[in-house]
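Biologist: I would like to learn how to read charged pairs and sheets in a model of this kind. Could you take me through them step by step?

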Amino acid sequence: MDMIDATQVARHEAQRQAKRAGAASQPGREYLSFRLGAEEYGIDILKVQEIRSYEPPTRIANAPSFLKGVINLRGVIVPVVDLRVKFGCDAQITPITAVIVLAVKGRVIGAVVDSVSDVLDLPHEAIKPAPSMGAVVDTSHLIGIATVAERMLILMDIESLMTSAELGVIDTVG
């Protein structure tokens with residue numbers, strides 16, 4: 001899996017907009033796929049502002065372990081959440097570790113992932129609902145599961161995750 005950069009995302013977005021201009025309605029939705037440990041996840045591409053290589057953030061005293069700190073992104077102080085730590089994955093920094101910069105509820109947040117794969121156009125029928133696992137596993141932040149070739153892609157509602165009381169990166173009030 002090759003890591004894609006912000007210019008590739010921008011180029012892909014321009015191509016997508018050109019396709020939409022030529023079509024009355026576009027079925028499905030596009031997702032940015034990335035890895036956390038051995039699993040592959042996807043988030044709505046419209047929530048992605050840019051993709052950056054990992055640079056150590058400035059640590060914040062007494063922050064939870066999944067909040068790595070903050071970075072200065074062109075004058076904006078951005079909190080950086082390590083999704084690998086949050087989901088109990090090994091959090092080794094490698095040359096392909098990336099930070100997905102997200103625009104969620106008017107705020108900018110960085111999410112550390114093991115690697116970024118590609119942008120996938122998934123038709124609605126390819127997305128199956130997340131299975132209910134009772135109180136054992138919280139699936140409220142999952143949109144569903146998609147199968148792409150031989151790969152299973154766990155689709156996350158990143159806005160719901162970032163505004164959850166458990167993660168608490170973005171206030172839900174205000």
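Biologist: How many salt bridges does the structure hold?

Modeller: This is a predicted model, and the structure holds 10 salt bridges. A pair counts when a side-chain nitrogen of Lys or Arg lies within 4 Å of a carboxyl oxygen of Asp or Glu.

Biologist: Which parts of the chain does the pair of Glu-40 and Arg-151 link?

Modeller: Glu-40 forms a salt bridge with Arg-151, with 2.9 Å between the closest N and O atoms. Glu-40 lies in strand S2 and Arg-151 in strand S11, so the pair links distant parts of the chain, 111 residues apart. Salt bridges that share partners also join these two with Arg-35 and Asp-118 into one network.

Biologist: Is Arg-84 buried or exposed?

Modeller: The cut-off for buried is under 20% relative accessible area. Arg-84 has 1% and is therefore buried, and its salt-bridge partner Asp-114, at 15%, counts as buried too. Their closest N and O atoms are 3.2 Å apart, and the pair links helix H2 to the loop between S7 and strand S8.

Biologist: In what order do the strands of the open sheet run?

Modeller: The 5 strands are ordered S3-S6-S7-S5-S4, with mixed pairing. Strands S3 and S4 stand at the edges and have a single partner strand each, so one side of each is left without a neighbour in the sheet. The twist from one strand to the next averages 30°. Within the sheet, S5 and S7 pair in the parallel sense over 3 bridges, and Asp-82 stands opposite Val-112 in S7.

Key: Residues are numbered from 1 along each chain as its sequence is written. This is a predicted model: local features need pLDDT of at least 70, side-chain atom pairs count only at pLDDT 80 or more; totals for chains, interfaces and linings use all residues. Side-chain values use heavy atoms; hydrogens and water are left out. Two strands pair if DSSP finds at least two bridges between them. Helices (H or I, at least four residues) and strands (E, at least two) are DSSP runs, numbered from the N terminus. Axes are lines fitted to C-alpha atoms, for helices over the stretch in contact, and angles run from 0 to 180 degrees between N-to-C directions. Buried means under 20% relative accessible area, exposed over 50%, partly exposed in between (1.4 Å probe, protein chains only).
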